[in-house]
Amino acid sequence: MIVLHTYLKQLCSGYVLLSFPLLISATAISQPPFSATTQLQYCQQQARKTLASLPADTPNIPRSIPANARQWKLVDYKDWTSGFWPGILWYLFEASHTDTFNVAAAKYASQLEPLSRQPAYDHDLGFQVYCSYGNGYRLTNNPAYKKILLATADTLATLYNPKVGTILSWPREVKHFGAHNTIMDNMMNLELLFWAAKHGGSKHLYDIARQHAITTMHNHFRKDYSSYHVVLYDTLTGKKIKGITHQGYADESMWARGQSWAIYGFTMCYRETKDTAFLNFAQKVADVYLQRLPADLIPYWDFDAQGIPNIPKDASAACVTASALLELSGFVTNKTKAAMYRAKAVQMLQNLSTDHYLAKETNTAFLLHSTGHKPNNSEVDASIIYADYYYVEALLRLQKL
Ligand SMILES: *[C@@H]1O[C@H](CO)[C@@H](O)[C@H](O)[C@H]1NC(C)=O
Ligand SMILES: *[C@@H]1O[C@H](CO)[C@@H](O)[C@H](O)[C@H]1NC(C)=O
Ligand SMILES: *[C@@H]1O[C@H](CO)[C@@H](O)[C@H](O)[C@H]1NC(C)=O
């Protein structure tokens with residue numbers, strides 16, 4: 001109501017000002033005040049345009065749009081990002097109760113079903129199947145979705161090494177590294193295991209997820225609570241070998257999206273376990289990220305990369321963090337701190353919802369200016385599907401507060 005009221009007031013004052021053209025402020029007219037509901041409507045419009053543009057034959061799952069391009073680059077179900085598009089469609093169904101999104105979500109998700117019947121390729125099964133079928137089951141209670149989720153959780157658990165106490169994130173890299181490897185992103189995929197343990201799966205899945213988080217908490221962070229992207233462990237003894245980077249600027253740098261996975265992951269682990277060690281840790285990893293942000297609260301792709309402020313940003317990290325902070329603010333008992341986390345999350349979403357970051361007519365994604373893999377020069381300053389996924393998730397979380 002307050003937002004609507006302010007908006008109406010601005011519209012009215014804009015109307016009055018029309019008789020004095022010299023006094024019109026361009027920004028006041030092109031930039032209405034931020035509201036989650038308005039932004040969710042914008043997301044629906046963009047997603048409808050994407051739906052209309054996608055081919056019927058596979059690969060047809062949108063992944064990213066390069067800077068200055070208009071068309072989505074498409075992938076098939078095996079790609080690690082395949083769950084985000086169906087997940088976005090489920091979220092838009094939740095926001096709109098419109099069958100267009102419900103029907104499309106089910107259609108795109110159905111392509112991922114083979115993942116529940118194949119051996120695990122890597123830890124990304126969580127992103128793929130939880131973001132798609134997890135949201136689908138939450139909104140429909142379809143028992144077929146539940147079966148797929150439970151089977152995939154068991155598949156993901158096959159990558160767990162009890163000697164190390166973590167999931168092997170990239171089996172394909174064991175030869176290259178000569179070691180068991182675990183990446184920060186893997187924290188996100190514990191959610192599928194926690195979910196399965198609560199919904200008829202083995203209780204062992206809960207123990208694996210909890211132990212993975214504990215081991216990661218001990219080994220994956222520097223003294224200032226910034227995270228390594230990758231940690232290598234001895235497969236046989238379980239001992240930590242070293243922390244390195246893959247998508248970050250340097251082994252000792254704070255890669256923006258890695259830190260945002262950590263904020264989100266430990267917050268989620270607290271939700272699922274109620275272990276206050278995770279709640280305290282989530283705040284530590286959030287605080288170092290917040291302290292080092294630039295003025296508009298959208299990070300550069302790596303906090304320590306050379307050339308700041310003339311280097312690409314990563315809007316996707318801001319989306320993941322905003323969503324995480326909205327949840328974290330509901331758990332933190334210190335009221336001042338909780339309010340600060342919530343205010344920061346809202347400011348992030350507000351800044352992402354300005355013309356600088358919104359894709360609007362540039363392409364049919366929701367957002368611009370994300371960076372996927374800078375050292376490989378791939379998806380730099382691009383629209384990327386996981387930025388859109390966590391943007392819409394955060395908007396829904398904000399709307400429910
Ligand atoms: C972004 O957020 C910061 C912090 O709230 C604020 O000072 C700044 O004006 C915002 N920038 C834009 C472009 O909205
Ligand atoms: C609550 O958080 C604020 C802001 O971080 C801090 O200054 C204050 O000391 C905290 N209060 C308690 C009781 O811990
Ligand atoms: C690196 O970039 C190439 C070319 O854009 C791409 O095909 C490949 O998938 C990228 N590799 C990684 C690990 O992102």
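Helices are taken here as DSSP runs of H or I spanning at least four residues, numbered from the N terminus. In this predicted model, helix α6 covers residues 125-140, and glycine 136 lies within that helix. The relative accessibility of glycine 136 is 0%, and because residues under 20% are classed as buried, glycine 136 counts as buried. Glycine 136 was also compared in position with glycine 248: 112 residues separate the two in sequence, and their C-alpha atoms are 33 Å apart in space.

Two open sheets are described next. One consists of three strands in the order β2-β1-β8, paired in the antiparallel sense. The edge positions are held by β2 and β8; each has a single partner strand, so one side of each is left without a neighbour in the sheet. Strand β1, comprising residues 61-65, is mostly covered, with five of its five residues buried. On one side, β1 is joined through three bridges to β2 (residues 73-75), and these two strands run antiparallel. Within this pairing, isoleucine 61 is placed opposite valine 75 of β2. Strand β1 also pairs with β8 (residues 383-384), again in the antiparallel sense, by way of two bridges. Here serine 64 has isoleucine 384 of β8 as its bridge partner. In a regular strand, side chains alternate between the two faces of the sheet.

The other open sheet likewise contains three strands, ordered β5-β6-β7 with antiparallel pairing. From one strand to the next, the twist averages 20 degrees. The pairing of β5 with β6 (residues 230-233) is antiparallel and comprises four bridges. Across this pairing, threonine 182 faces valine 231 of β6.

The surroundings of two ligands were also examined. Polar side chains of the shell approach oxygen atoms of the ligand. For asparagine 351, a polar side-chain atom is located 2.5 Å from an oxygen atom of ligand 1. For glutamine 347, the separation between a side-chain N or O atom and an oxygen atom of ligand 1 is 3.2 Å. Taken on its own, ligand 1 has 370 Å² of accessible area, of which the protein covers 44%.

The residues around ligand 3 are His373, Asn376 and Ser378. In this shell, a polar atom in the side chain of asparagine 376 is found 2.3 Å from an oxygen atom of ligand 3. The side chain of histidine 373 likewise places an N or O atom 3.2 Å from an oxygen atom of ligand 3. The accessible area of ligand 3 on its own amounts to 360 Å², and the protein covers 32% of that area.

Technical notes:
Residues are numbered from 1 along each chain as its sequence is written. Chains are lettered from A and ligands numbered from 1 in the order in which they are written. This is a predicted model: local features need pLDDT of at least 70, side-chain atom pairs count only at pLDDT 80 or more; totals for chains, interfaces and linings use all residues. Side-chain values use heavy atoms; hydrogens and water are left out. A polar contact is a pair of N or O atoms within 3.5 Å; within protein, one must be able to donate a hydrogen and the other to accept it, and residues adjacent in sequence count only if both atoms are side-chain atoms. Accessible areas come from the Shrake-Rupley method with a 1.4 Å probe; for residues, only the protein chains shown count as cover. Buried means under 20% relative accessible area, exposed over 50%, partly exposed in between (1.4 Å probe, protein chains only). Two strands pair if DSSP finds at least two bridges between them. A residue is near a molecule or strand if one of its heavy atoms lies within 4 Å of it. Axes are lines fitted to C-alpha atoms, for helices over the stretch in contact, and angles run from 0 to 180 degrees between N-to-C directions.
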